[in-house]
Amino acid sequence: MSDKSERQSYWYGLESRKRMGAVDVLNALRDYRSAEADMRRRTQASMGMGETDLMALRYLLEAERAGRDVGPKELTVRLGITSASMTSLVDRLVRLGYVTREPHPTDRRALILRPTPGSDREVRSTLGDMHARMMEVADTLSAQESAVVVDFLRRMRAAIDAVAT
């Protein structure tokens with residue numbers, strides 16, 4: 001039995017194998033997710049941070065580009081973590097030189113979290129080539145193909161979001 005047929009029989013019964021187009025799409029999507037997870041692990045290791053750290057930094061960089069200030073409370077809600085975990089996360093990002101704490105301009109009790117200029121450069125150098133390669137692939141799609149892919153991925157997300165935990 002080949003590797004491909006073993007994988008198909010593991011996830012899908014004989015009745016599903018009659019619809020191999022759908023099974024092939026799901027296997028390709030699973031392979032992509034696995035490759036993306038591997039890339040994230042390599043990126044996190046090279047930057048010395050965990051997944052939540054990288055998500056926090058990305059959010060802070062996006063907010064900075066949009067001209068928005070972000071405090072720890074907003075980031076706590078965005079990441080779905082506890083305030084104690086947020087304190088540890090911010091301490092770690094400050095210690096690693098990716099984030100600074102600054103006083104809020106109008107509320108003495110509040111802080112603003114800002115990514116350092118070096119963090120933006122490091123994220124861009126670490127992820128820039130990968131994003132460029134991904135954009136090259138996406139640019140090969142026609143407008144109609146892009147619409148089909150986007151619709152498919154949105155429906156897949158809805159299917160996954162509907163799963164009760």
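The residues that line the largest pocket divide into 13 nonpolar, two polar and two charged. Here Ala, Val, Leu, Ile, Met, Phe, Trp, Tyr, Cys and Pro count as nonpolar, Asp, Glu, Lys and Arg as charged, and the others, Gly among them, as polar. The model is predicted: local features need pLDDT of at least 70 and side-chain atom pairs pLDDT 80 or more, while totals for chains, interfaces and linings use all residues. Residues are numbered from 1 along each chain as its sequence is written, and side-chain values use heavy atoms, without hydrogens and water.

On a 1 Å grid over the protein atoms alone, a pocket is an open set of points with protein on both sides within 12 Å along at least five of seven lines; a cavity is a set where a 1.4 Å probe fits but cannot get out; lining residues have an atom within 4 Å of a point.

Select Leu29, Tyr32, Met134, Val149 and Leu153, the closest to its centre of 17 lining residues. Next, colour α3 (20-47), which gives the most to this lining, six residues. Helices are DSSP runs (H or I, at least four residues) and strands likewise (E, at least two), numbered from the N terminus.

Move to the second largest pocket, about 450 Å³. Select Arg58, Glu62, Leu127, Met130 and His131, the closest to its centre of 16 lining residues. Its lining has eight nonpolar, two polar and six charged residues, and α7 gives the most, with seven.

Finish at the one cavity of 30 Å³ or more. Select β2, which gives four residues to its lining.

Technical notes: Grid points are joined across faces, edges and corners, and a volume is the space filled by probe spheres set on the points.
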